[in-house]
Amino acid sequence: MNMPEGAAAQATPMPAGSLWAVFPAFLRSEVRSVGAQAFLLGAIIACNQIAIYGTVLLLVALAHRARPPQLATQRRLMWGVGALLILAALASLWGGWQTQAA
């Protein structure tokens, strides 16, 4: 996968990978030019990212203001989220292997 250097540095790996895999399939349009279609798809993706990550950021900021977490709580949350991400990656890997074997 050849991604521009800036995009690779700023993007989350999974959404960026699926974006580069799926985006070209939607560039051809009978209604708009390729440039207009690319701009429209980019705007839709940007708005979705702002809405999703903006909402998460707002909720975290409100929760932090309502009850500032203790250092021990932050550490437990970091370990928990890290473990959850690793388990999700392992589950995805296992599912991929099962699909390949079938």
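1. Where is glutamine 37 found? Glutamine 37 sits in helix α3. A helix here is a DSSP run of H or I with at least four residues, a strand is a run of E with at least two, and both are numbered from the N terminus.

2. Before going further, a word on the model. This is a predicted model, in which local features need pLDDT of at least 70, side-chain atom pairs count only at pLDDT 80 or more, and totals for chains, interfaces and linings use all residues. Residues are numbered from 1 along each chain as its sequence is written, and side-chain values use heavy atoms, with hydrogens and water left out.

3. Now for confidence, given as pLDDT (the predictor's confidence in each residue, from 0 to 100). The chain has a mean pLDDT of 78, with 75% of its residues at 70 or more. Helix α3 (residues 34-66) has the highest mean among the elements, 88, while helix α1 (residues 5-10) has the lowest, 45. Residues 1-11 have pLDDT below 50, and this stretch has eight contacts in the model beyond near neighbours in sequence. Contact means heavy atoms within 4.5 Å.

4. Next, the overall layout. The chain has four helices and zero strands, in the order α-α-α-α from the N terminus. Of its 102 residues, 5% count as buried.

5. Back to glutamine 37: is this residue buried or exposed? Glutamine 37 counts as buried because its relative accessibility is 9%; buried means under 20% relative accessible area, exposed over 50%, and partly exposed in between (1.4 Å probe, protein chains only). Setting aside neighbours within four places in sequence, glutamine 37 is in contact with Phe26, Leu27, Ser29 and Arg32.

6. Finally, have a look at the second largest pocket. A pocket is an open set of points on a 1 Å grid over the protein atoms alone, where a 1.4 Å probe fits, with protein on both sides within 12 Å along at least five of seven lines; lining residues have an atom within 4 Å of a point. Among the residues lining the second largest pocket are Val60, His64, Arg67 and Leu77. Helix α3 supplies the largest share of this lining, three residues.
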